[in-house]
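Let's take a friendly walk through a protein structure and look at how its parts meet. Keep the picture open as you read.

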Amino acid sequence: MKNTALLIAISALTAGTANAAGRDYIQIVGSSTVYPYATVVAERFGKSGSFKTPKIESTGTGGGAKLFCAGVGEGHPDITNASRAMKSSEKEMCAANGINDIVEVVIGYDGISFANAIEGANLNVGLSELYLATAKHVPNPDGSETFVTNPYKNWNEIRSDLPAQAIEIMGPPPSSGTRDAWEELAMIGGCNTFEWVKALKKSDKDAYEENCMHVREDGAYVEAGENDNLIIQKLVANPNAFGIFGFSFLDQNLDAVKGATVESVQPEFETIADGSYPISRPLFFYVKKDHVGVIPGLEEFLAEFTSENAWGSDGYLADRGLVPLPDDKRAQMAADVKALKPM
Amino acid sequence: MNKHTTEIVKQGLQKRYNAERRFRAYGMFAILISVSFLAVLLTSVIGNSVPAFQESVIELEVDLSQDNLGLSANPTAEELFNGSYENAVKAASYALFDISGRKEKRAIRDLISSGAWYSVRDAVVADPSLLGKPQKLWVLASDNADLYMKGIVTSDMPETARRLSDQQVQWLDELISSNRIQKQFAYTFFTSGDSREPETAGILAALKGSLYTLLVTILLSAPIGVMAAIYLEEFAPKNRLTDIIEVNINNLAAVPSIVFGLLGLAVFLNFFEMPRSAPVVGGVVLSLMTLPTVIIASRAAIKAVPPSIRDAALGIGASQIQTTFHHVLPLAMPGILTGTIIGMAQALGETAPLLMIGMVAFIADVPQSITDPAAALPVQIYLWADSPERGFSYKTSAAIVVLLTFLILMNAAAVMLRKKFERRW
């Protein structure tokens with residue numbers, strides 16, 4: 001028995017040394033927002049082709065950049081996912097470690113719509129009003145620089161020309177990425193419209209985050225589950241309610257719901273894609289050019305990710321909630337990726 | 001005087017009886033609470049895991065003619081692998097019912113697992129004689145259809161509360177009545193790696209990752225731990241230095257496991273440039289973590305061997321090494337093995353150090369060696385528990401059951417070894 005155990009051990013160890021000669025799989029790190037999209041592409045790529053399935057770690061955008069910029073070579077990741085553009089400090093770190101050619105790929109957008117039933121009121125709001133409608137604590141309405149528990153029950157209490165109806169919002173629970181994006185883009189964006197709150201960020205970051213990113217719990221905001229389809233059904237049943245969900249669901253249900261105009265911009269493919277719609281952000285991944293041709297399958301993986309079947313407007317990533325790039329931008333990006341144009 | 005004492009004793013007697021009864025009641029209560037916690041945990045986990053041990057399959061008649069798959073008459077192995085099976089499976093699913101239109105096609109496609117065509121391809125590659133004509137094949141149903149088959153989603157629920165439309169439910173009912181959909185034992189769960197689709201996700205990759213990791217751990221920590229214990233107990237002089245070593249070993253046993261992960265990141269990955277996410281690194285890090293446990297248990301076992309045994313061996317002329325290896329070690333072996341196995345069980349359930357060395361990742365391929373990227377069982381549980389799809393909550397419980405099974409087996413082995421070899425003096 002001792003001998004068999006030893007034999008198994010030796011064979012496992014030797015099999016390992018045979019493989020250690022070169023990494024034959026793609027290594028990806030980075031944002032947890034991009035993770036669900038990247039894993040779907042990776043799984044398809046691994047199962048349908050002759051290459052191994054890429055390995056994807058969800059380290060967060062910053063953590064991913066740190067690993068990515070640590071150096072060139074098999075020990076370092078080939079791709080990092082990011083839910084924001086790479087910072088100049090990160091680029092400097094990359095350059096300091098000999099990584100000069102990085103290909104930036106924008107895969108699409110994470111757009112969030114604030115919508116209600118088609119027969120409901122037309123809403124034209126700014127980020128500050130969205131913040132005042134969804135936050136637990138809001139700046140004191142009397143103008144003093146303190147926070148009070150959200151007193152607003154009706155939309156017209158926030159701004160007199162808004163509809164005179166109760167604030168009823170159905171949105172995602174805290175476990176959802178959509179909720180994170182809502183807090184980061186809509187609520188923080190609204191918070192920053194108050195000058196003194198914006199200044200608070202520098203002096204007392206904890207208080208700033210506690211007050212700016214805390215969704216109200218008094219019943220005006222209802223957590224409606226991760227199922228965005230369900231939110232749409234509920235909106236149709238209750239024309240006074242508003243819902244928060246991914247843009248792709250709004251786009252597919254335009255016969256039933258309509259998006260609110262935010263900062264005078266309607267949520268549309270074009271406005272999300274050009275960044276004028278405020279509650280959206282582009283999603284990225286970055287590829288180390290030096291690794292292309294060294295790590296087997298890297299080029300093919302890029303081709304799969306940038307294929308119409310994946311990131312196209314009818315592709316499987318759109319099914320998962322990604323807002324695709326506009327057609328011309330997508331074609332341009334795919335061509336740039338194919339040519340490995342560094343940023 | 002005498003009478004006085006008895007009096008006092010008698011007076012206090014009832015009180016002492018009461019105190020004793022109360023103490024027993026507290027003890028029973030404590031046991032009752034821990035048992036009920038355990039019972040709640042186990043019943044909820046096991047109850048929740050039951051659906052994951054079955055999977056639903058749908059019978060499709062797939063046209064496997066070379067024309068349909070875009071293959072030449074006598075395809076090579078590579079051609080065979082790259083045939084257009086995805087379209088063939090899609091066409092076969094449309095043929096299940098009399099439908100037309102994009103929306104209906106999409107609805108029917110949603111009943112079949114998006115990974116179904118891989119199994120068709122693998123079947124054809126394994127047996128090319130299937131080619132040439134339509135074949136009836138059983139393929140995996142989608143997560144949503146599977147939940148309906150298991151009665152978790154029912155037709156009584158309002159349409160808005162389930163992810164299946166009334167039309168899809170009606171289709172599924174038709175399939176059930178014509179026996180073209182059925183439940184079977186969940187082979188996929190035990191034969192495949194991780195996946196983003198609940199129905200194709202399996203535990204095998206994580207299980208093998210855990211086994212490889214433990215293999216490295218035991219190969220390192222058992223010999224090193226036992227040798228250290230023997231030297232410290234039998235040979236080392238008792239002085240300040242050995243005292244310091246002893247205190248440090250005891251302290252190490254209490255160090256949080258994430259610290260070992262950071263150490264592994266700094267030393268093995270950054271300095272020695274060992275591969276990220278590989279079981280070999282995981283094994284080394286976990287053996288650092290279990291070494292103190294193994295050393296402490298082994299020392300206790302060696303200490304428990306009576307000195308008379310050593311004296312007798314030395315007395316009839318055995319050298320110190322002979323005494324140790326012929327007499328002391330065999331007698332201490334049950335204790336050493338128990339300690340080692342418990343250390344391994346601890347390592348099996350550990351995730352924190354693995355996070356630092358990149359073993360918490362989406363890894364779909366089943367690892368073939370200790371340097372391939374791999375996840376581990378507890379990591380898989382964590383990743384699945386985090387996934388939004390409904391089917392993963394059952395998979396999570398099933399993975400916990402698999403992990404618990406291994407832990408129970410290991411602990412049972414420890415108990416059995418102790419029972420079998422233990423000697424009392």
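## Salt bridges

Over all chains, the structure holds 26 salt bridges, a salt bridge being a side-chain nitrogen of Lys or Arg within 4 Å of a carboxyl oxygen of Asp or Glu. One of them joins the side chains of Arg276(B) and Glu57(A), at 2.8 Å from N to O. This pair crosses between chains: Arg276(B) sits in the loop between helix 12 (257-271) and helix 13 (279-303) of chain B, while Glu57(A) sits in the loop between strand 2 (55-56) and helix 3 (61-68) of chain A. Helices (H or I, at least four residues) and strands (E, at least two) are DSSP runs, numbered from the N terminus.

Before going on, please note that this is a predicted model, in which local features need pLDDT of at least 70 and side-chain atom pairs count only at pLDDT 80 or more, while totals for chains, interfaces and linings use all residues. Residues are numbered from 1 along each chain as its sequence is written, chains are lettered from A and ligands numbered from 1 in the order in which they are written, and side-chain values use heavy atoms, with hydrogens and water left out.

## Where chain B meets chain A

How many residues does each chain bring to the contact? Chain B gives 33 residues and chain A gives 31 residues, where contact means heavy atoms within 4.5 Å. Together the two chains bury about 2,800 Å², with 50% of it on carbon and sulfur atoms. Buried area is the accessible area (1.4 Å probe) that two parts lose on being put together, summed over both. Arg196(B), Arg276(B) and Phe362(B) supply 24% of the area that chain B buries against chain A, more than any other three residues.

Two salt bridges are counted between chain B and chain A. Glu86(B) and Arg44(A) form a salt bridge through their side chains, at 3.6 Å from N to O. On the side of chain B that touches chain A, helix 5 (102-109), helix 6 (116-126) and helix 10 (204-235) each supply at least two residues. That side of chain B divides into 15 nonpolar, seven polar and 11 charged residues. Here Ala, Val, Leu, Ile, Met, Phe, Trp, Tyr, Cys and Pro count as nonpolar, Asp, Glu, Lys and Arg as charged, and the others, Gly among them, as polar.

## Two helices of chain B

Helix 10 of chain B also packs against helix 17 (residues 377-385) of chain B, at an angle of about 145 degrees and with the axes 8 Å apart. Axes are lines fitted to C-alpha atoms, for helices over the stretch in contact, and angles run from 0 to 180 degrees between N-to-C directions. From helix 10 of chain B come Ala206(B), Leu207(B) and Ser210(B), and from helix 17 of chain B come Leu377(B), Pro378(B) and Gln380(B). By class, this contact has four nonpolar, two polar and no charged residues.

## The domains of chain A

Chain A is divided into domain 1 (23-109 + 281-339) and domain 2 (111-280), with bounds from an automatic or database domain assignment. Their C-alpha centres lie 31 Å apart. The two domains of chain A bury about 830 Å² between them, 61% of it on carbon and sulfur atoms. Tyr109(A), Arg281(A) and Val323(A) supply 67% of the area that domain 1 of chain A buries against domain 2 of chain A, more than any other three residues.

Which residue forms a salt bridge with Arg281(A)? Glu184(A) does, with the closest N and O atoms 3.2 Å apart.
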